[in-house]
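Welcome, and thanks for taking a look at this one. Here is a short briefing to read alongside the model.

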Amino acid sequence: MSVAKTVLTIGTAAFASGVFALSALPANAWEPSHPIEIIVPAGTGGGADQMARAMQGIITKHNLSKQSVVVINKSGGAGGEGFLDVKNSKGNDHKLIITLSNLFTTPMATGIPFSWKDMTPVAMMALDEFILWVNADKPYKTAKDYVDDIKSKPDNSFKMGGTGSKQEDQIITVALQKATGKKMTYIPYKGGGEVAVQLVGNHIDSSVNNPIEAVAHWRAGKLRPLCVFDNKKLDYHEKIAGDLAWDSIPTCKSAGLDVEYLMLRGYFMPPGVSPDAVAYYVDLFKKVRETPEWKKLMSDGAFNQSFMTGDEYAKWVADAEKLHEGLMKEAGFMAKTN
Amino acid sequence: MLEDIGNLFHGFAVVVQPYNLVLMVVGIVLGVIVGVLPGLGGANGIAILLPLTFSMSPTSAIIMLSCIYWGALFGGAITSILFNIPGEPWSVATTFDGYPMAQKGKAGEALTAAFTSSFVGALFAVIMITLVAPLVASFALSFGPPEIFSVYFLAFCSFVGLSKEPPFKTIASMMLGFGLGAVGLDQMTGQLRMTFGMESMLNGFDFLIAVIGLFGIGEILLTMEEGLSFRGKAAKLNMRVVLQTWAELPRYWMLSLRSCLIGCWMGISPAGATPASFMSYGIAKRISKRGRFFGTGEIEGVVAPETAAHAAGTSALLPMISLGVPGSPTAAVLLGGLLIWGLQPGPLLFTEQKDFVWGLIASMYMGNIVGLIIVLTCVPVFAAILRIPFSVIAPVILVFCAIGAYTVHNNTFDVVMMVVFGIAGYLMKKTNYPLAPMVLAIVLGDKAEESFRQSLLGSQGAFSVFWSSGLVSTIMTLGLIALFWPLIQSTWTRLRGSAGEPHPAE
């Protein structure tokens, strides 16, 4: 159980930092002189891609930048391709990369030579939540029902579907195994949407989909959320499925499953960029956060709207890396060093 | 049902608003351009244009974007037929007979057949979507990993033994394709395979790079060797060719119907348009009386894959709207668009967003009709490209190939790989190794591997999972029959004692 506790305990503290001011900014600050590139270290249509493209749309629509924004997917090697590209673009003030947990897991699992320390942290835009889902036809009403059933059956009786291998979904699965004391069969799929549909079709027993990936099936009465892997309930009260809202979902901890995990949706830049450029992007992202489109995206996906910049962000990332290292080692997911 | 028809007419009313019609034409033209440029592809094209649509209403936006999709589906056939360079994965099978037709001076016929078949396939799929959408959605849900693997298995089986080359060369070529397809990240374990520590190998060998090189560059090298001339000079340049081909097409109604059914089925199951086109081509070759001439420029060899690819491409949109799972990369980008416009794809979209869903379905009808008219009027223009002297057109093709290869991953290493594949393609052609099995293996190999391993993970390693339900057993059995069809056929002939017919052993 103690391991489960080590799973990312990420913070509410972040909310306060939303007002983190950049009033010290000089009057005629740095401006981009040609189009801004956003690298997405994942495929088209995924969560990071959606966020990057939504931001591209928001920046264009509200004229927040004089230069246009270009989104480029570099998903090779579990995103390693994108990270290496940014690492090797030293001093490029017009390049950003949006990250997900593969920022930590990819170098650890594959041995691709990079670390977040090779890049310049810019800002955390949000944290993505994870929820334990089962098919609505199954008798489990609470996480406890499900866990009790897992415990009463032999190892590998239950199939957990998730996105990718040795990444966030499998890390959570390993933590669940620790908490229940039983092994589950983890089946990796390409994308979260696919996982949700496999669960609707009863080809797997549960999933840990992000809210936005499974919400449509919840509303249609096909899937049931059991608990959220956060230390507090989600902060969205609008009714979604019948009488239930996001904040009706109990935390996994309250259901006796002491597992917490949140995924970073944040931006980095190449090494050696000018501090003025970083300040420009932080300011740009703040403007993005004020738009109605962004707020809608946040509430649709039930995101944790933490916003961090500067040293606070860097410290958060450093802590998160340590936690991932512990989890990956524990799970035996680290690449063998030759 | 009646209510649905009413909704559909309401959808038409939305679509024929002048503003939406203009967007439709713009979308089709952009789509054709995107489809013609190898490497750019529908998915990239839509992803680039997506942000432009955020200020439109969702219905107008989806009309324009889905028209780009239709345009790209049409456009993919053009370069396949004229230059042997498939712009999209599902156009590969179109090159097998389309390019030989163009070489014989029948580019106009091939293009007309391809466009018309595309239209027929798409129309069939749209009618199906209109009538049986809810039913179909539940069918798609029954596809787990074993079912998906069985579909790929069937695609491979119906394609094996098709080539005119010796079987061992076919197998060697296919195995090489599997090997190349395995380079990069292994989805199942998260480990890198066969990258030899090289950063540029992380991505593996993208199918498009391989195809642009093997087919496009390889072909240019061959033509250069043979004396710098295109053999398509005799292409007719008037609209009569369109009408003449149309007069010929109704003869193949059985073939079209079969290809439509294959396409719809593959589009709804998450396998998609590429296996549909290969499978349809393979089965057409088996069944057709002129099967042994396939590969030398048979019009049936163009009709079969194009019909199936479009039926699949169109019906792939259905799982996207009703389940939120895209049946193709392009559908995946459209899906992202839905979310940004504030629409939630899923079972409730049909009841909550009637305007949008029926507008989209109506735009499928209208978009394909408008698209067909646009591309057909351009047939003479496309065919005329072949009249340009080779010494002028070859460098242009090379530049487009290089741009295409670069666009796939924005990576210059891919351009180098394209040239390497080009030389490999040239050598393989000279030594009579067939290219198609290799390409098939690169395109579908990793997906088949993935679903195979997912199935075995779920069953704890028991192979019985592939015969565990009616659906998967049926598809697997069909696959085995397809694989051993030549044997079954010859045994059958021998049993009947009719030794008179010389069997085209391949």
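Leaving aside residues up to four places away in sequence, A:Tyr281 touches A:Leu96, A:Val122 and A:Tyr267. This is a predicted model, and in it A:Tyr281 sits in helix 9 of chain A, which covers residues 275–290. A:Tyr281 has 22 other C-beta atoms within 10 Å, and 20 or more make a residue buried, so A:Tyr281 is buried.

**More on single residues**

- A:Asp93 is 188 residues away from A:Tyr281 along the chain, yet the C-alpha atoms of the two are separated by 9.9 Å.
- A:Asn63 has a phi near 55°, a positive value in a residue other than glycine. You will find A:Asn63 in the loop between helix 2 (47–61) and strand 2 (69–73) of chain A.
- With 7 other C-beta atoms within 10 Å, A:Asn63 is exposed.
- A:Ala78 likewise has a positive phi near 55° and is a residue other than glycine. The loop that holds A:Ala78 runs between strand 2 and helix 3 (80–87) of chain A.
- A:Ala78 counts as buried, with 29 C-beta neighbours inside 10 Å.
- Over in chain B, B:Ile287 belongs to helix 12, residues 273–287. B:Ile287 counts as partly exposed, having 13 C-beta neighbours inside 10 Å.

**Chain A as a whole**

- Eleven helices and 13 strands make up the secondary structure of chain A.
- The radius of gyration of chain A is 20 Å, close to the 20 Å that the globule rule gives for 338 residues, so chain A is as compact as a globular protein of that length.
- Along the principal axes, the C-alpha atoms of chain A fill a box of roughly 65 × 55 × 30 Å.
- Of the 338 residues in chain A, 55% count as buried.
- Take the contacts in chain A between residues at least 6 apart in sequence: 79% of these join residues at least 24 apart.

**Chain B as a whole**

- Chain B has 23 helices and two strands.
- A compact globule of 506 residues would have a radius of gyration near 23 Å, and the 22 Å of chain B agrees with that.
- The C-alpha trace of chain B spans about 60 × 60 × 55 Å along its principal axes.
- In chain B, 58% of the 506 residues are buried.
- Among the contacts in chain B between residues at least 6 apart in sequence, 80% join residues at least 24 apart.

**Helix packing in chain B**

- Helix 9 (residues 207–225) and helix 19 of chain B have axes that come within 10 Å and cross at roughly 165°. An angle over 145 degrees counts as roughly antiparallel, so that is how helix 9 of chain B lies to helix 19 of chain B.
- The crossing of helix 9 of chain B and helix 19 of chain B is left-handed.
- Helix 9 of chain B contributes residues including B:Leu208, B:Ile212, B:Gly216 and B:Ile220 to this contact, while helix 19 of chain B contributes, among them, B:Phe390, B:Ala394, B:Cys401 and B:Val408.
- By class, the contact of helix 9 with helix 19 of chain B has twelve nonpolar, three polar and no charged residues.
- Helix 19 (residues 390–409) of chain B also meets helix 20 (residues 412–430) of chain B, with axes that come within 8 Å and cross at roughly 130°. Helix 19 and helix 20 of chain B are therefore oblique to each other.
- The crossing of helix 19 and helix 20 of chain B is right-handed.
- On the helix 19 side of chain B, B:Cys401, B:Ala402, B:Ala405, B:Tyr406, B:Val408 and B:His409 meet B:Thr412, B:Asp414, B:Val415 and B:Met418 of helix 20 of chain B.
- Sorted by class, the contact of helix 19 with helix 20 of chain B has seven nonpolar, two polar and one charged residues.

**Where the chains meet**

- Contacts between the chains involve 44 residues of chain B and 43 residues of chain A.
- On the side of chain B that touches chain A, the elements that give two or more residues are helix 3 (41–49), strand 1 (184–186), strand 2 (191–193), helix 15 (329–340) and helix 21 (436–458) of chain B.
- Helix 15 of chain B supplies the largest share of that side, seven residues.
- The side of chain B that touches chain A has 24 nonpolar, 19 polar and one charged residues by class.

Definitions and conventions:
Residues are numbered from 1 along each chain as its sequence is written. Chains are lettered from A and ligands numbered from 1 in the order in which they are written. This is a predicted model: local features need pLDDT of at least 70, side-chain atom pairs count only at pLDDT 80 or more; totals for chains, interfaces and linings use all residues. Helices (H or I, at least four residues) and strands (E, at least two) are DSSP runs, numbered from the N terminus. The radius of gyration is taken over C-alpha atoms; the globule rule is 2.2 Å times the number of residues to the power 0.38. A residue is buried if 20 or more other C-beta atoms lie within 10 Å of its own, exposed if 12 or fewer, and partly exposed in between; C-beta atoms are placed from the backbone. Two residues are in contact if their C-beta atoms, placed from the backbone, lie within 7 Å. Axes are lines fitted to C-alpha atoms, for helices over the stretch in contact, and angles run from 0 to 180 degrees between N-to-C directions. Angles under 35 degrees count as roughly parallel, over 145 as roughly antiparallel, 65 to 115 as roughly perpendicular and the rest as oblique. A crossing is left-handed if the near helix is turned anticlockwise from the far one by less than a right angle, and right-handed if clockwise. Ala, Val, Leu, Ile, Met, Phe, Trp, Tyr, Cys and Pro count as nonpolar, Asp, Glu, Lys and Arg as charged, and the others, Gly among them, as polar.
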